Amino acid sequence: MPIARIALDVPLDRLFDYTVETATEADIGRRAVVPFGNRRLIGVILALGDAPTDEGVALKPVERILDDMPAMPAGTRGLLQFCADYYQHPIGQTIHTALPARFRDPTPFRVSEALHYQAADAHALQASLSARAVMQHRLAALLAHPRTEAEIRAIGPAAWKTAQGWLEAGWIAARATEVAVVTPAEGPALNAEQADAVRQIVACQGFQVDLLHGITGSGKTEVYLQAIAAVLAAGRQALVLVPEINLTPQLEGRFRSRFPGVEIAALHSGIADGERAAAWVRAARGEARIVLGTRLAVFTPLPKLGLIVVDEEHDASYKQQDGLRYSARDVAVMLAKRADVPVVLGSATPSLESWHNATLGRYRKLSLKQRAVAGAMPPKWRLVNTRAQPLTDGLHAATLGAISEKLARREQTLLFINRRGFAPVMHCGECGWLAACTRCSARLTVHLREGRLRCHHCGDEQRIPKACPGCGNTDIKPLGHGTQRYEDILAARFPHARVLRIDRDSTRRKGSFEAAMKAIHDGRVDILIGTQMLAKGHDFPKLTLVAIVGADSGLYSSDFRAAERLYAQLAQVAGRAGRAEHPGDVLIQTDFHEHPLYQTLTADDYAAFATTELAERQRAGFPPFLHQAVLRAEANLLEEAVAFLTEAVQWVPEDPAVTVWDPVAATMARLAGRERAQLLIQASSRPRLQAVLASWMQNLRKLKAGKVRWSLDVDPLEL
Ligand code: ADP
Ligand code: ZN
Ligand code: ZN
């Protein structure tokens, strides 16, 4: 009997053999229901064989092979095998990460649930109708346009059955199987830089990485749209990846109105399981022509893939932080290589990894240096030296002056502070006590309105004490400024202004974020106070001043990526100002106005920033000049975590090209009551590091970890 080798969602890095009565090559990539211990699991068949992998083991039979969806194609399986190897993650779990959750359910998936139906042969259909069958006539009329199963069923009890008969007869068809010519709606005439970028991208005959560097509003999205139009015209599919927060209804709408009639699958965390599964199926059949999604969309099967776009390629949300710790940006480049198609990485502030690759000539750099809309100017920067003059209530006189000016002109201001709550900590001036979380190595944030102290890491909270627990002093005070405090300060300073705070606390209720966006758009807000939630993806035409406060803490962080992140974040938030006909002003309150980061930022000179920062990384021995992996361990006691890592070090295969550091406590050693430690391993050669990691993981998986939980993160973004 043939043997099916099946990937199961279990933490063992191997396939499992089952006997199967009949199976053909066509079953590879299909799902199978199999017994596993006393459970039934859904697995994916990855190979067929004649002999069992292990001798003398009694194999159980496959219960059933499911053919309710297209088999996972070889290309996708290959990409996932690469990911399993590269990120050192068990193959079964890797495959299951990529599979829509709906496919883990053994009840067959009916693709019909999510297809559209439409008359394909109207004459034959009309001829078949019996004169008195009212329902048939109504159904036939309905199917003049694409309809869903739900719409068909709504006609009457027998409608769906009738439609299926027509489908079999070929009188109607599931829509989008044949889109012959795609005529995109007309976009704006491209400027010279944009036209050149599109020309270069479209001219690629195979694998090529283009780094599209363009300031906010320079028309990158327009470049993607026009390049995609060419891909669709050639009968191929496009994959567009965006960070979670960027996949707004506006962006989706922009794609839909540009490509009317083209099936676009929008995949983000808000999509229901069934819909995601349907999109997967339609993409795998080549019907969905554009897949627009967040990181997981990179694993969608696309048989006619012609172009990949990764928008905001520097965004940290492309990196998954648990399970399969993949970087969707990096996987997208690998996918492009395997599929031999071009990939465009777009950003106003490319990651230093990508910038470095462009410098080395591995990537081709395409630049957009101006704002696309005629007359729109980049924001005017201004550094406000807060050392020269003391602040009142956390705001400099120049900042207050700029806000008043905008108010007088009925324009909007955004005060950007990346810290929610009233104040970052509660403090006793007598004994120096600072309120800290008992479960984390972190301070508690003051939420004055609710009268509570909250840990932003574990969610723990308590009432604000009446007196200092250290010395009994009753005069304890919030120290520093968060969004809530600025909200109070600005409301008091500008009593006639309409002040709106937008952060995770103010937008907890469903729909409140959208309502806030609408209020801003409708001009019902004068001063906005917001965190990074507002930094990306939203256009506010009346916003002409961005005032940035509290940014200095990112300048001297122990994290070598902090400067890169700060630059990107500030450039992005600055891009919110003056997108339309109003020029924008951006003001930064800082104690370090001469810092090179602020100097290059305010000169709009990302290239200079990147060059300086890369030189620094090279000198200090950081990525992208070498490659890292970090082994993390957590336990109830720090000693247990460190002891595990110390043991783990013994099992690293000897390789002079690979450096293994000593285990250390994590930057945040305690989180939610668990103690965390980590071990850094690095090498200048990626293949050497990979080889070491692979055999190290084999050894580690055999180690008894006891109560220690551990994980490996390859190319970690945070240490
Ligand atoms: P980015 O993605 O770089 O932020 P967008 O593609 O969203 O930029 O373009 C910013 C704005 O400029 C959008 O409103 C877009 O419609 C407009 N735009 C883009 N290209 C052009 C062009 N060539 N002519 C006129 N307007 C353009
Ligand atoms: Zn005290
Ligand atoms: Zn905590």
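Across the whole structure, a search finds 13 aromatic pairs, where rings of Phe, Tyr and Trp (its six-membered ring) pair if their centres lie within 6.5 Å, and planes under 30 degrees apart count as stacked, over 60 as edge-to-face and the rest as tilted. One of them joins Phe16 and Phe36 in an edge-to-face arrangement, at 5.3 Å centre to centre and with 85° between the planes. Because Phe16 belongs to strand β2 (residues 16–19) and Phe36 to strand β3 (residues 31–36), this pair ties together parts that are 20 residues apart in sequence; strands here are DSSP runs of E with at least two residues, helices are runs of H or I with at least four, and both are numbered from the N terminus. Phe16 has 8% relative accessibility and therefore counts as buried (under 20% relative accessible area, with exposed over 50% and partly exposed in between, using a 1.4 Å probe and protein chains only).

Tyr567 and Phe609, by contrast, form a stacked pair, 4.4 Å centre to centre with 20° between the planes. This pair links distant parts of the chain, 42 residues apart, with Tyr567 in helix α16 (residues 562–574) and Phe609 in helix α18 (residues 606–620). Tyr567 is buried at 2% relative accessibility, and Phe609 is buried with a relative accessible area of 3%.

Tyr567 and Phe609 also belong to one aromatic cluster with Trp355 and Tyr606. Over the face of Trp355 lies Lys365, at 3.8 Å from the ring centre; a charge sits over a ring if NZ of Lys or CZ of Arg is within 6 Å of the ring centre and within 35 degrees of the ring normal.

This is a predicted model, in which local features need pLDDT of at least 70 and side-chain atom pairs count only at pLDDT 80 or more, while totals for chains, interfaces and linings use all residues. Residues are numbered from 1 along each chain as its sequence is written, chains are lettered from A and ligands numbered from 1 in the order in which they are written, and side-chain values use heavy atoms, with hydrogens and water left out.
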